[in-house]
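User: I'd like to learn how to read pockets and surface patches in a model. Can you walk me through it?

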Amino acid sequence: MIKIALFADVNNLYYCINKKFPGRKLDYDKYLALCNEYGSVIRSLAYSIQIKEESKGFFTCLSKLGYETKIKIMTDNRRPNYSVDLSLDAVRLSNQIEMLILGSSDPIYVPLVNYIKALGIKVQIIACGVN
């Protein structure tokens with residue numbers, strides 16, 4: 001079975017799905033199940049920004065579903081960036097996987113996708129296709 005790592009850009013998925021399908025939300029349990037159809041997801045990581053204590057329950061739910069949550073706290077109206085963190089984690093895990101699934105349609109990840117592909121690792125983007 002193909003070993004997979006899933007990297008979900010929670011904010012991008014939320015924004016794009018809401019833009020394309022107003023009022024709809026992603027079912028992260030079904031999303032993980034879909035990713036497992038490609039092989040065996042050995043790591044699922046969810047990256048997001050938290051504003052104060054808002055969404056704390058959401059991140060707890062993600063953890064219970066099996067996602068490793070990587071959260072940056074927004075302070076002083078400064079929006080933290082986690083694209084570098086996601087990219088570094090992907091590179092670190094690249095020697096353990098045969099496929100990377102990226103849950104984001106943000107073009108900032110194009111260099112990461114190209115790098116991972118150059119290593120001979122399959123890349124599948126499962127996102128909304130809107131940015």
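User: How much space lies in the largest pocket?

Analyst: Keep in mind that this is a predicted model. The general idea goes like this: rolling a probe the size of a water molecule over the atoms shows where empty space is left. Here, the largest pocket holds about 360 Å³ of space. It has 18 lining residues, and Val10, Asn11, Tyr14, Ser55 and Phe58 are the closest to its centre.

User: Which elements give two or more residues to that lining?

Analyst: Those are helix H1 (10-20), strand E2 (40-51) and helix H3 (56-65). H1 gives the most, with five residues. Sorted by class, the lining of the largest pocket has ten nonpolar, four polar and four charged residues.

User: And what volume does the second largest pocket have?

Analyst: About 200 Å³. Its lining includes Leu13, Ile17 and Phe21, along with Ile126, Ala127 and Cys128. Two elements give two or more residues here, H1 and helix H2 (28-36). H2 has the largest share, with three residues. By class, this lining divides into nine nonpolar, no polar and three charged residues.

User: Now the surface. Which residues form a nonpolar patch there?

Analyst: Look at Val91, Tyr115 and Leu119, which together have about 260 Å² of accessible area. Tyr115 sits in helix H5, which covers residues 110-118.

Terms used:
Residues numbered from 1 in each chain as written. Predicted model: local features only at pLDDT ≥ 70, side-chain atom pairs only at ≥ 80, totals over all residues. Heavy atoms only, no water. Patch = residues over 30% accessible without salt bridge, like charges linked within 9 Å, V, L, I, M, F, W, Y side chains within 5 Å. Areas by Shrake-Rupley, 256 points an atom, 1.4 Å probe, with all protein chains shown as cover. Salt bridge = Lys/Arg side-chain N within 4 Å of Asp/Glu carboxyl O. Helix = DSSP H or I, 4+ residues; strand = E, 2+ residues; numbered from the N terminus. 1 Å grid on protein atoms, 1.4 Å probe; cavity = no way out; pocket = protein on both sides within 12 Å on 5 of 7 lines; lining within 4 Å. Points joined across faces, edges and corners; volume = space filled by probe spheres on them. Nonpolar A, V, L, I, M, F, W, Y, C, P; charged D, E, K, R; others polar.
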